[in-house]
Amino acid sequence: MSVHDDLIAVQRCLDDLARSVGRLEKQLGTAGLEMRRVRTDANHLRESVALLREAAASPSAPRKPELVTIPDTPYDDSLWIDTDDEGLGARDRRAP
């Protein structure tokens with residue numbers, strides 16, 4: 001199956017889910033927290049599939065992560081004023 005076919009199948013399943021949730025709401029009512037969660041989750045799935053569809057419709061070259069060069073020179077000591085050493089506490093106090 002192609003991505004397009006898979007997305008259509010997922011959309012069909014989401015439509016079935018929405019119908020089933022609607023039937024459950026009629027039987028159980030919409031006041032309960034659990035029912036609201038199910039409805040919200042189903043809506044989030046629908047939104048996520050819509051985003052996937054948009055991403056699949058506009059194919060782009062995979063982006064390479066931006067590399068950050070870290071200099072070998074020491075950091076400026078003023079960056080560490082008023083900091084605690086991890087596991088040791090403040091500089092002017094003894095470790096526990």
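Gln-11 is buried, because its relative accessible area of 15% falls under the 20% cut-off. The model in which this value was computed is a predicted one. Gln-11 lies in helix α1, which covers residues 3-28. Leaving aside its neighbours within four places in sequence, Gln-11 is in contact with Arg-46, Val-49 and Arg-53.

The crossing in which α1 passes α2 is left-handed. Sorted by class, the residues in the contact of α1 with α2 are 17 nonpolar, two polar and five charged.

Is Glu-25 buried or exposed? Its relative accessible area is 18%, and the cut-off for a buried residue is under 20%, so Glu-25 is buried. Not counting residues up to four places away in sequence, Glu-25 touches Thr-30, Met-35 and Arg-39. With Arg-39 there is also a polar contact, made between the side chain of Glu-25 and the side chain of Arg-39 at 2.8 Å.

Gln-11 is buried and has Val-49 among its contacts, while Glu-25 is buried and has Met-35 among the residues it touches.

Definitions and conventions: Residues numbered from 1 in each chain as written. Predicted model: local features only at pLDDT ≥ 70, side-chain atom pairs only at ≥ 80, totals over all residues. Heavy atoms only, no water. Helix = DSSP H or I, 4+ residues; strand = E, 2+ residues; numbered from the N terminus. Buried < 20%, exposed > 50% of the residue type's maximum accessible area, 1.4 Å probe, protein only. Contact = heavy atoms within 4.5 Å. Left-handed = near helix turned anticlockwise from the far one by under 90°. Nonpolar A, V, L, I, M, F, W, Y, C, P; charged D, E, K, R; others polar. Polar contact = N/O pair within 3.5 Å; in protein donor to acceptor, adjacent residues only side chain to side chain.
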